[in-house]
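Biologist: I am new to reading models like this one. Could you take me on a close look at the part where chain B meets chain A, and then follow the salt bridges from there?

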2 protein chains.
Amino acid sequence: MTGRLIHYNTLATLMKGGFDGTFSFEEVLKNGGIGIGTVDRLDGELVILNHRGYRFDVNGQIHEVRPQDTTPYAAVIDFNAENQVTLNEKIDKDTLEENMSKYFSSKNVFQAVKLHGTFQKIKCRSVQKQEKPYPDLAEVAKDQAEFTAEDMTGTLVGIYTPELFGMISATGFHLHFISDDHSFGGHVLGFEIEQPMIKWQTVDTVEQKFPIDNETFMKTDFDYSSVLADIEEAE
Amino acid sequence: MTGRLIHYNTLATLMKGGFDGTFSFEEVLKNGGIGIGTVDRLDGELVILNHRGYRFDVNGQIHEVRPQDTTPYAAVIDFNAENQVTLNEKIDKDTLEENMSKYFSSKNVFQAVKLHGTFQKIKCRSVQKQEKPYPDLAEVAKDQAEFTAEDMTGTLVGIYTPELFGMISATGFHLHFISDDHSFGGHVLGFEIEQPMIKWQTVDTVEQKFPIDNETFMKTDFDYSSVLADIEEAE
């Protein structure tokens, strides 16, 4: 079964301070079995699991999002894993891509991934809620809060993005985490896990949504010249 | 009424020699009231108008595409113009963008455009059908056939692409032409028209389709490093 990934706006616009929530979670969660992103005013890191949305704020506290809450950027998919593999080794964030490229049908398309297990180490970050005028995300990320845990059981969800779409998403893996007990999560900076079982789904269609009713987005003259470098540094 | 633009694969992959037809016109024409693109093996320039597809071959001859024919790249939309404007001056390809940016709701989203009228001058190009191993499109374009006409009545159709999507489509206007009498058309290199009436539609959703059943596409290690420069030169 192939998948339809939905992008609510782009990572590039988020990088350039597009932090106002422009899509309701009522819409986003309807379409999203799993997903990653953030919320209005960058008030934490978003993890979507089983059509429910959770944000981890800058203090590491979890909050379930409400239908009327909004997001400036999210990538979601009604996940139906078509493939799974158990890797017979310990992997970390850097070796995940290397390992998965052996199994993926292609590096030229998006792939959705989900990994549930007990992580020997995991490191997440979250960010501070912002007020206008918004800075670039690269600036915000300099003051990010980082959290580490050991022997933490939970779910990694995320998207593998092909190189060509590195301005729209982030080339390679973009992963968020939520622990089973909801005590720990956020944007994943690193992890170690032994012999993980990884599920993934090949994406044949990406639906790119633009917030055409948001006047700020429509009228802003974005300077995207530094975005690829900023994504590499901040994501 | 907002629009849903459908991209069948990307311009970048076409630029890098992805010339095998991977989507049937049965599917493409169902979704496309207007559109641009090419056909299997780059055998001409594609114009879609009123859900019918026409290709202009390298000799300038028109051929209507059949449902079983295929395309490696097309951008189509079920066009329902929400806006129109009559410009009170003579415009050319270079001044079109400058003029339209005054009227467009935004330069940050895709816009579909359609312009029917009598062109004082119009210049189109087409390309030679290719055989494997395929060269880059930039190489093919060096031998393109160019056609010019005066006082030609017909329809320009095309897409305005925001900067962020310059690898997926081509930043700015990408226009194809078909004359009312079907004697002239192709990829538009230049034109002049007095006081044109231009219709356009703002795109809120782009559906990006990938040919996941095409093994060549899935397995090829594309080098996209020169694509932006190639698009600027060839398109």
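Modeller: Happy to! Let us begin with a term: a salt bridge here is a side-chain nitrogen of Lys or Arg within 4 Å of a carboxyl oxygen of Asp or Glu. With that rule, two salt bridges are found across the interface of chain B and chain A. One of them joins R4(B) to E207(A), with 3.5 Å between the closest N and O atoms.

A word on the ground rules. This is a predicted model, in which local features need pLDDT of at least 70 and side-chain atom pairs count only at pLDDT 80 or more, while totals for chains, interfaces and linings use all residues; side-chain values use heavy atoms, with hydrogens and water left out. Residues are numbered from 1 along each chain as its sequence is written, and chains are lettered from A and ligands numbered from 1 in the order in which they are written.

Now for the interface as a whole. Contact means heavy atoms within 4.5 Å, and on that basis chain B and chain A bring 32 residues each. Buried area is the accessible area (1.4 Å probe) that two parts lose on being put together, summed over both. Between chain B and chain A, about 2600 Å² is buried, and carbon and sulfur atoms give 64% of this. On the side of chain B, N108(B), L164(B) and F210(B) supply 26% of the area that chain B buries against chain A, more than any other three residues.

Polar contacts come next: a polar contact is a pair of N or O atoms within 3.5 Å; within protein, one must be able to donate a hydrogen and the other to accept it, and residues adjacent in sequence count only if both atoms are side-chain atoms. Across the interface of chain B and chain A there are 16 residue pairs in polar contact, both residues being at pLDDT 80 or more.

Which elements are involved? Helices (H or I, at least four residues) and strands (E, at least two) are DSSP runs, numbered from the N terminus. In chain B, the elements that give two or more residues to the side touching chain A are α1 (11–15), β15 (197–209) and α5 (215–219). Of these, β15(B) gives the most, with eight residues. That side of chain B divides into 15 nonpolar, ten polar and seven charged residues (Ala, Val, Leu, Ile, Met, Phe, Trp, Tyr, Cys and Pro count as nonpolar, Asp, Glu, Lys and Arg as charged, and the others, Gly among them, as polar).

Two strands pair if DSSP finds at least two bridges between them; β15 of chain A (residues 197–209) and β15(B) pair in the antiparallel sense over five bridges. In one of the pairings, Q208(A) has V206(B) in β15(B) as its bridge partner.

Now let us follow the salt bridges further. Over all chains, the rule counts 28 of them. One is between K132(B) and D20(B), at 3.0 Å from N to O. This pair links distant parts of the chain, 112 residues apart: K132(B) sits in the loop between β11 (111–126) and α4 (137–141) of chain B, and D20(B) in the loop between α1 and β2 (23–24) of chain B. How accessible are the two ends? Buried means under 20% relative accessible area, exposed over 50%, and partly exposed in between (1.4 Å probe, protein chains only). K132(B) counts as exposed because its relative accessibility is 55%, whereas D20(B), at 18%, counts as buried.

Another salt bridge joins R66(B) and D69(B), at 2.8 Å from N to O. Here R66(B) is partly exposed at 47% relative accessibility, and D69(B) is buried at 19%.

A further one joins E192(B) and K90(B), whose closest N and O atoms are 3.2 Å apart. E192(B) lies in strand β14 (residues 185–194) of chain B and K90(B) in strand β10 (residues 90–92) of chain B, so this pair ties together parts that are 102 residues apart in sequence. Both ends are partly exposed, E192(B) at 24% relative accessibility and K90(B) at 40%.

Salt bridges that share partners join R4(A), E207(A), K209(A), R4(B), E207(B) and K209(B) into one network.
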